[in-house]
Amino acid sequence: GTDATLNPLSSNLNASRKLPQVIIIGVKKGGTRALLEYLRLHPDIRAVGPEVHFFDRKYENGLEWYRRKMPPTIARQITMEKTPSYFITREVPARVYNMSRDVKLLVVVRDPVTRAISDYTQTVSKKNTKRFEELAFINNATGLVDTSWSAIRIGVYAKHLERWLQYFPLSQFMFVSGEELISNPGKEMGLVQNFLGIKKVVSEKHFYFNQTKGFPCLKKKEGSSSPHCLGRTKGRAHPDIEPNVIQRLRDFYRPFNMKFYQMTGRNFNWP
Ligand code: A3P
């Protein structure tokens with residue numbers, strides 16, 4: 001037992017660590033941290049803070065290792081984690097299926113062009129890199145899109161989803177709009193709570209739009225009474241990309257986006 005279990009005030013004899021019943025599997029830069037932080041406001045949800053990377057990087061540690069990473073929960077509470085790389089990693093769907101065939105899967109998706117720029121912005125913040133258009137196209141003259149660049153490849157959502165659908169029915173997925181999560185967080189969280197079958201606790205009342213940050217923030221964080229925005233690495237300023245570069249990428253993604261709307265039954269209306 002940990003100290004907490006010895007402390008009569010904080011112990012809960014009914015609490016135990018369980019494998020997750022819900023996983024946020026993607027996508028990188030979609031708004032996955034925002035979704036997890038918003039869900040943590042709900043009393044029926046307990047989630048791991050850091051990304052666990054069990055199914056893609058630590059699988060050899062085994063399910064028991066994974067279970068011990070989870071927070072203690074009481075019977076009515078849902079255990080969750082988020083690791084956005086799961087969505088694009090080939091081996092992951094079979095491994096998740098092997099853990100639980102009825103796990104619920106949340107995927108936060110966002111216009112793949114903006115997502116690619118967001119991804120690139122993150123890379124630039126960590127190391128020196130070529131210009132965006134040098135990475136995005138195999139050859140700038142022909143304008144052939146380099147699908148081997150991960151910032152491009154991740155946005156071909158239909159391809160990744162196809163692999164997941166070989167293991168899980170569509171009914172076990174919810175595709176959360178990254179755009180709606182920013183412009184209308186209360187409403188989008190309503191849809192998520194509906195999907196998870198939990199009471200609608202998180203609502204527009206929890207959010208305010210912070211003009212300085214340019215994003216919604218929480219009026220109060222779980223367990224505190226003061227306002228809380230996501231950290232500085234969330235909601236970065238993006239570099240200006242030439243309109244013709246954007247246009248070529250929009251043309252590239254359009255058929256995959258259409259396929260994705262068709263597969264998911266939700267029209268995300270990306271430009
Ligand atoms: P940018 O930093 O490019 O704007 P993830 O958590 O999956 O890495 O996603 C990061 C993205 O979440 C951010 O990308 C931002 O657009 C989006 N986001 C959604 N809600 C946000 C919020 N309340 N505060 C900051 N970023 C938010």
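## Ligand shell

Helix α2 gives the most to the shell around the ligand, with 3 residues; helices (H or I, at least four residues) and strands (E, at least two) are DSSP runs, numbered from the N terminus. The model is predicted: local features need pLDDT of at least 70, side-chain atom pairs count only at pLDDT 80 or more, and totals for chains, interfaces and linings use all residues. Residues are numbered from 1 along each chain as its sequence is written.

At least two shell residues each come from α2 (32-39), α6 (112-126), α10 (178-183) and β11 (215-218). There are 18 residues around the ligand, and Thr32, Arg33, Ala34, Ser118 and Gly235 come nearest (near: C-beta atom, placed from the backbone, within 6 Å). By class the shell has 7 nonpolar, 6 polar and 5 charged residues (nonpolar: Ala, Val, Leu, Ile, Met, Phe, Trp, Tyr, Cys and Pro; charged: Asp, Glu, Lys and Arg; polar: the others, Gly among them).

## Sheet

An open sheet of 5 strands has the order β3-β5-β2-β6-β9, with parallel pairing (two strands pair if DSSP finds at least two bridges between them). β3 (45-47) and β9 (173-177) are the edge strands, each pairing on one side only. Strand β6 (residues 104-109) is joined to β9 by 5 bridges, and Leu105 has Phe173 in β9 as its bridge partner.

## Pro112

Pro112 lies in helix α6. Pro112 counts as buried because it has 27 C-beta neighbours inside 10 Å (buried: 20 or more other C-beta atoms within 10 Å of its own; exposed: 12 or fewer; partly exposed: in between; C-beta atoms placed from the backbone). The C-alpha atoms of Pro112 and Arg254 are separated by 9.7 Å, with the two residues 142 apart along the chain.
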